[in-house]
Amino acid sequence: MNQLQTIQSKIYEIRGQRVMLDFDLAKMYGTETKVLKQAIRRNIRRFPADFMFELTKEEFAFLRSQTVTSKQRGGTRYMPFAFTEPGVAMLSSVLNSEVAIEINISIMRAFIAVRQLVANPPVDKVSLLQREVKELKEYMEEVFTDQNDINEDTRLQLELINQTLAELQVRSKEHEKAPVRESDS
């Protein structure tokens with residue numbers, strides 16, 4: 001798995017936002033989660049609620065049951081911080097190392113790729129072709145139905161014409177057979 005895919009796999013959706021968790025970020029930055037959290041707490045004004053929030057126990061338990069395979073650490077367990085895209089960008093100003101800068105660039109690219117994927121999902125060409133074939137079949141059925149209706153209308157009109165001609169022939173023959181009356185003088 002390449003670096004972009006690895007980072008994308010660490011982007012979760014929590015509270016309707018795409019976020020990354022502090023322990024994943026610490027691992028990527030090559031530092032301990034404790035050190036990362038200390039740096040954040042020293043610069044807490046840089047991380048408003050739309051940049052970072054702490055998970056509830058329920059959110060973390062749900063997330064762990066779904067995807068995260070974090071082992072229980074000894075001692076007091078603090079809930080992880082979740083960083084939105086701007087929060088991750090802000091981390092680069094708190095963790096001013098070459099590794100942090102490089103990782104942040106990769107993370108920003110991953111967030112962009114996820115956003116583009118959501119905005120423009122890949123086209124399933126087989127499904128697209130199946131839908132087009134279905135639409136074409138439906139159109140052809142309509143055309144054939146219309147053609148059959150026209151043929152049926154034409155057939156009925158021809159029957160009426162033939163019936164009218166037959167009736168006219170009968171009347172004509174009756175008219176010819178009828179004796180000519182001489183007028184009373």
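**Note on the predicted model**

1. In residues 72-76 the pLDDT stays under 50, and for this stretch the model has three contacts beyond four places in sequence.

2. For the chain taken as a whole, the mean pLDDT is 81, with 90% of the residues reaching 70 or more. Among the elements of the chain, the highest mean pLDDT, 95, belongs to strand β3 (residues 52-54), whereas helix α1 (residues 3-8) has the lowest, at 78.

3. The largest nonpolar core comprises 25 residues, of which M20, L25, Y29, F83, V88, L91 and I107 touch the most other members. Two or more residues of this core come from each of α2 (22-29), α3 (33-42), β4 (81-83), α5 (85-94) and α6 (98-119), and the greatest contribution is that of α6, with seven residues.

4. M20 deserves a separate look: leaving aside residues up to four places away in sequence, M20 touches I7, K10, I11, L25, M28, F81, A82, F83, V88, I107 and F111. Of these partners, L25, F83, V88 and I107 are themselves listed, together with M20, among the core residues that touch the most other members.

5. Apart from this core there is a second, separate one of eleven residues, which includes V19, L21, F53 and A82. A82 is also one of the residues touched by M20.

6. On the surface, L136, Y139, M140, V143 and F144 form a nonpolar patch, whose accessible area together is about 490 Å². F144, one of the patch residues, lies in helix α7, which covers residues 125-177.

Note on methods: Residues numbered from 1 in each chain as written. Predicted model: local features only at pLDDT ≥ 70, side-chain atom pairs only at ≥ 80, totals over all residues. Heavy atoms only, no water. Core = buried A, V, L, I, M, F, W, Y, C linked by side-chain atoms within 4.5 Å. Buried < 20%, exposed > 50% of the residue type's maximum accessible area, 1.4 Å probe, protein only. Helix = DSSP H or I, 4+ residues; strand = E, 2+ residues; numbered from the N terminus. Contact = heavy atoms within 4.5 Å. Patch = residues over 30% accessible without salt bridge, like charges linked within 9 Å, V, L, I, M, F, W, Y side chains within 5 Å. Areas by Shrake-Rupley, 256 points an atom, 1.4 Å probe, with all protein chains shown as cover. Salt bridge = Lys/Arg side-chain N within 4 Å of Asp/Glu carboxyl O. pLDDT = per-residue confidence, 0-100.
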